[in-house]
Amino acid sequence: MRQAAKDKCISLILLAVAMSAIASLAMIAAFIFREGLPIMMKVGVGKFLLSSDWYPQEGRFGIFPMIVGSLAVTAGAMVIGGTLSLACAILLTQFCPPKVVSILKPCIELLAGIPSVVYGFIGVVILVPAISRYLGGPGLSVLAASVVLGVMILPTVTSISVDALRAVPRSYREGAIALGATEWQTTHRVMLKAARSGIVAAMILGMGRAVGETMAVIMVAGNTLDLPHSILAPVRTLTSNIALEMGYAAGEHRRALFATGVTLFAIIMILNTIALTVSRRRARKAGQS
Amino acid sequence: MKRPSPAAMQRLAVSFMWLGTILTVGVLLFIVAYILTLGLPHVTWEFLSQGPRLMGREGGVFPMIVGTLWVAGLAVMIAAPVGVITAIYLTEYTLEGKLTAVIRFGADCLAGIPSIIFGLFGFVFFAITLGMGLSVLSGALTLAIMVLPTIIRTSEEAIRAVPRAYREAGYGLGATRWGVVTKVVLRSALPGIGTGVVLSIGRSISETAAVMLTAGSALRLPTSAFDSTRTLALHFYILAREGISMSKAYATASVLIVAILAINLFAYWVMQRFVAKVR
């Protein structure tokens, strides 16, 4: 009996600590919304989100181009980073001789720690001039930001996808091979399906990092306030808007930056919820069949 | 059109994946090599041991090294216990239900939140509302929340990977649940948990946006947790962005990269040893 009481007690303490993640999330939401929402209401939510005028001195706040900018840059990053890291993960877990894996995997994992500002810096000194020379435009562009972000998320997404694919029971693969499937058929019909929730989680993490990256994007995206009309046009993202102006903003202007944060927060939550439900529903379906 | 044979499909797919992998590893290695080639010649003992002069145009980065260690160290020390305990609760102490779904949702969402939002939150909450100002402590607390989901997720996966039989053997020997968790489960999950912690240290060191808004950008040496400081990553950003000094920027980036590679390498080595020992 005493043992059971002690166990219950430990369980409650653990629960209290375990709530800290959701509590932090609630606090973050509460504080950002408290600072940002009033000014959004004052300007009008529709006008704030859909107008393209950002003149803080005159009290005109519209962030439409930055919303478009954030989405465009993230989509680009996912196309580049998502594809490459999936290719890496599949190769490393399914097709690569173990000797090569033992070199490549640590390589990729070690590189996961490179600060994003370093990627941004390389973007400025190499990528931006190259884009400007070979593709035209100012170089500081949606494309540059997409490539930088895509490369930036590679190590993380790859190494988590690798773990997800490795977690698939060996017997699945052996079973499929025994039924006469080629390794590639096994990979994309069995392994990828079994590891899907892990891979989706990796992609979510990568997407979150891409939408949320600030400094690297500031360095290569150009930060103009216009709506980007091509991938070679400069662009300002929601994150850059906050970081660029937070240093000197005060009063309404600062609250408008928090409102930019509210928008970013909302976009992230929507993306997250979609991704999470999709991965969960698929997991359930796979479990039933 | 004839469908290509399964064997041909496989050859095609595999060659594409090789291409992608070589490109990935190539680009990443190129970045490191490029920075180190241009930066390492400028990294001297003076650069590491002196404070900056003329906004960083001359002198070194000693205060930034100290500031980075403070902020990142504190952040992980706060986040690691909380994260591991959360993971233990989720995997060992409760059945899947509404509560675990809520906790997991919280962690997953937290993972997706941009660092600049953490920065805004840390700025209003820790720096202004709690009166900590732009300081090492504000920065560390903000980063701790930021890396918490990484630690939770990796620890959870590591704990889940521990075979069921280990736990059953523990219970079979008459151990309590807490005994099984601490003596059996945590011990075999340790390398996985370590990976998460190391990833978090790396993320804390390389974070820029959140520390800019919470720890500030003071150039002097921080002497207490309530001093403002400038981390290496932020210093590098300011040097590069404001064009203060390219050679100092490359040198600072080299220090950052070498430090992170060293930390990761060390952790990797420890993990390998641990895995070998367990086997």
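How many residues does the contact take from chain B and from chain A? In this predicted model, 72 residues of chain B and 69 residues of chain A take part in the contact. On the side of chain B that touches chain A, the largest share comes from helix H1 of chain B (residues 6–39), which supplies 20 residues. Sorted by class, that side of chain B comprises 55 nonpolar, 13 polar and four charged residues.

Within chain A, helix H4 (residues 64–95) consists of 32 residues and spans 45 Å from its first C-alpha to its last, a value close to the 46 Å expected at 1.5 Å a residue. H4(A) is mostly covered, since 23 of its 32 residues are buried, a residue being counted as buried if 20 or more other C-beta atoms lie within 10 Å of its own. H4(A) packs against helix H10 of chain A (residues 196–212) at an angle of about 140°, the two axes being 9 Å apart. Angles over 145 degrees would count as roughly antiparallel, and H4(A) and H10(A) are therefore described as oblique to each other; their crossing is right-handed. On the H4(A) side, the residues that meet H10(A) are Ser70(A), Thr74(A), Ala77(A), Met78(A), Gly81(A) and Gly82(A), and their counterparts in H10(A) are Met203(A), Gly206(A), Met207(A), Ala210(A) and Val211(A). This contact of H4(A) with H10(A) is made up of six nonpolar and five polar residues, with no charged residues.

A helix pair was also examined in chain B, where the axes of helix H5 (residues 115–129) and helix H6 (residues 136–160) come within 9 Å and cross at roughly 135°. H5(B) and H6(B) are therefore oblique to each other, and the crossing of H5(B) and H6(B) is right-handed. From H5(B), the residues Ser115(B), Phe118(B), Gly119(B), Gly122(B), Phe126(B) and Ala127(B) meet Ser138(B), Leu141(B), Thr142(B), Ile145(B) and Met146(B) of H6(B). By class, six nonpolar and five polar residues, and no charged ones, form the contact of H5(B) with H6(B).

Most residues other than glycine have a negative phi. Asn223(A), although it is not a glycine, has a positive phi of about 60°. Because 19 C-beta neighbours lie inside 10 Å, Asn223(A) counts as partly exposed, the threshold for a buried residue being 20 or more.

Methods
Residues are numbered from 1 along each chain as its sequence is written. Chains are lettered from A and ligands numbered from 1 in the order in which they are written. This is a predicted model: local features need pLDDT of at least 70, side-chain atom pairs count only at pLDDT 80 or more; totals for chains, interfaces and linings use all residues. Axes are lines fitted to C-alpha atoms, for helices over the stretch in contact, and angles run from 0 to 180 degrees between N-to-C directions. Helices (H or I, at least four residues) and strands (E, at least two) are DSSP runs, numbered from the N terminus. Angles under 35 degrees count as roughly parallel, over 145 as roughly antiparallel, 65 to 115 as roughly perpendicular and the rest as oblique. A crossing is left-handed if the near helix is turned anticlockwise from the far one by less than a right angle, and right-handed if clockwise. Two residues are in contact if their C-beta atoms, placed from the backbone, lie within 7 Å. Ala, Val, Leu, Ile, Met, Phe, Trp, Tyr, Cys and Pro count as nonpolar, Asp, Glu, Lys and Arg as charged, and the others, Gly among them, as polar. A residue is buried if 20 or more other C-beta atoms lie within 10 Å of its own, exposed if 12 or fewer, and partly exposed in between; C-beta atoms are placed from the backbone. The expected span of a helix is 1.5 Å times one less than its number of residues.
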